[in-house]
Amino acid sequence: MGSGGATFRYRPARLRVIDGPDRGLVADDVEGELACGTAPGNQLQLTDPTVSRYHLTITAMTKGTLLRDVGSTNGVLLAGCRIESAYLGPGAVLQIGQTTLRFEHVEVEAQQPLSTQDAFGRAFGRSVVMRRIFEILPRIASSDTIVLLEGETGTGKTMIAEAIHQASPRRAMPFSVIDCGAIPPSLIESELFGHERGAFTGAQQQRIGAIEAGAGGTVFFDEIGELPLDLQPRLLRAIEDRTVKRVGGQHPIHVDIRVIAATNRDLRAAVNRGDFRADLYYRLHVVSLRLPPLRERRLDIPLLVEQFYAQFAGHPGAPESLIDAFTRHDWPGNVRELRSAVERAVLLGDPVVWSELTDPSPSNVASLAFDETLSFRASKDRATMIWEREYLRELLARHSGNLSRAARAARMDRTHLRELGRKYNLVHAAQVDHPQDD
């Protein structure tokens, strides 16, 4: 995957401390990002005690230079107003805690090569942001370095992780997936590390953990941000030493693994809050890739619709009306939501169905009583999906998004409820169960 001369050109960012304890300190961006805070690893590391460990990031985007507050305690002030994100112009003055910063551009223009391909594995994209990612993925895949994939739910983190594994020297070995957000807290230690017979009540035989089962291959920690705080030191040791100790076991077991982690949370903000250990974040943040939401890569929507349509219809040629309708939508559930929408459109034969499924108002639901253009099965499936979404929306709302309580009330399996919630984009990271809420 060569760049073939195609490049992304941008002016690198520079932050200069013009007032505060670190006055005179200057830092430039590294490969398109400049992070500022008191923790090691920030390009601009400050000593100001009123600045958070990870305070802000500045990223080169196609639209310009984007500043993001990463969940700092005292915030970022621009022209006296607290902001969460903004595109910066040269000379912008920022206030963080007791420190005043000036944003500048480095004099010399920088270039990043772009892939000439519009796919890597099962991930697709023609946009500049995706071609920047596709260009570096082969180099990442050929190494054994730890990779952290960040991005909103549904942006394709699992597909990228699988693609990295399939393009790596470990492709013939296991790709072991650990969903840290789906395993009950009482079982996650055993799931990760395994257990010996008799280690606890119910442990009637020895069990190999997911990390050990992935020996020789890649272990993918999905939703790593949901890992309980008390287990994070054990995972850090396992990653550092490439060893695991089963629950109830006495001897460490060496495991040759490649580690990829993914999260839809901002781990730097989680470190600031004390929800995620800084030392584990340092270890995971070797190579970090942010997968953009679809609203930042609309150029990719027609390509994705074509791919999903061919997959579900069994032939290429998605209708222009479908592509046009879907390109205009914001897709808060990202690629996963788009894929489900194309599947439903193929099943029901009408792209207008999508508007009914995303906004199932009483008038829409009532209008489903009869439609002579649809078959009996298609009409039934459409009505079922709309009813199902509305039922789940109300169920979760009545139980404040707590999956365990909602599942008990509906007398259904919690995992099934979680999957249905994901299907209809009703379950997000904020709705992961917290045992103390049960």
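Two residues are in contact when they have heavy atoms within 4.5 Å. The model here is predicted, so local features need pLDDT of at least 70 and side-chain atom pairs pLDDT 80 or more, while totals for chains, interfaces and linings use all residues. Residues are numbered from 1 along each chain as its sequence is written, and side-chain values use heavy atoms, leaving out hydrogens and water.

**The cores**

Start with Ile224. Leaving out residues up to four places away in sequence, Ile224 touches Leu148, Cys180, Leu235, Ala261, Ala262, Thr263, Leu267, Phe276 and Leu284. Ile224 also belongs to the largest nonpolar core, which has 35 residues. A nonpolar core is a set of buried Ala, Val, Leu, Ile, Met, Phe, Trp, Tyr and Cys residues joined through side-chain atoms within 4.5 Å. Buried means under 20% relative accessible area, exposed over 50%, and partly exposed in between, with a 1.4 Å probe and protein chains only. Among the elements that give two or more residues to this core are α3 (188-193), β20 (218-222) and α7 (278-284). Helices (H or I, at least four residues) and strands (E, at least two) are DSSP runs, numbered from the N terminus. Another core, of 21 residues, lies apart from it and includes Leu46 and Ile58.

**Two buried residues**

Leu67 sits in strand β7 (residues 64-69). Its relative accessibility is 0%, so Leu67 counts as buried. Beyond four places in sequence, its contacts include Ile58, Val76 and Leu94. Leu67 and Leu34 are 33 residues apart in sequence, and their C-alpha atoms are 9.3 Å apart.

Thr155 lies in the loop between β16 (147-150) and α2 (157-166). Thr155 is buried too, at 6% relative accessible area. A polar atom of its side chain is 2.8 Å from the backbone oxygen of Glu152. Beyond four places in sequence, Thr155 is in contact with residues including Leu291, Arg297 and Val335.

**Aromatic pairs**

The structure holds five aromatic pairs. Rings of Phe, Tyr and Trp (its six-membered ring) pair if their centres lie within 6.5 Å; planes under 30 degrees apart are stacked, over 60 edge-to-face, and the rest tilted. Here are two of the pairs.

| Pair | Centre distance | Plane angle | Type |
|---|---|---|---|
| Tyr54 and Tyr281 | 5.2 Å | 75° | edge-to-face |
| Phe326 and Trp331 | 5.2 Å | 80° | edge-to-face |

Why does the pair of Tyr54 and Tyr281 tie together parts 227 residues apart in sequence? Tyr54 lies in the loop between β5 (44-45) and β6 (56-61), whereas Tyr281 lies in helix α7. Both Tyr54 and Tyr281 are buried. Phe326 and Trp331 are buried as well.

Terms used
Polar contact = N/O pair within 3.5 Å; in protein donor to acceptor, adjacent residues only side chain to side chain.
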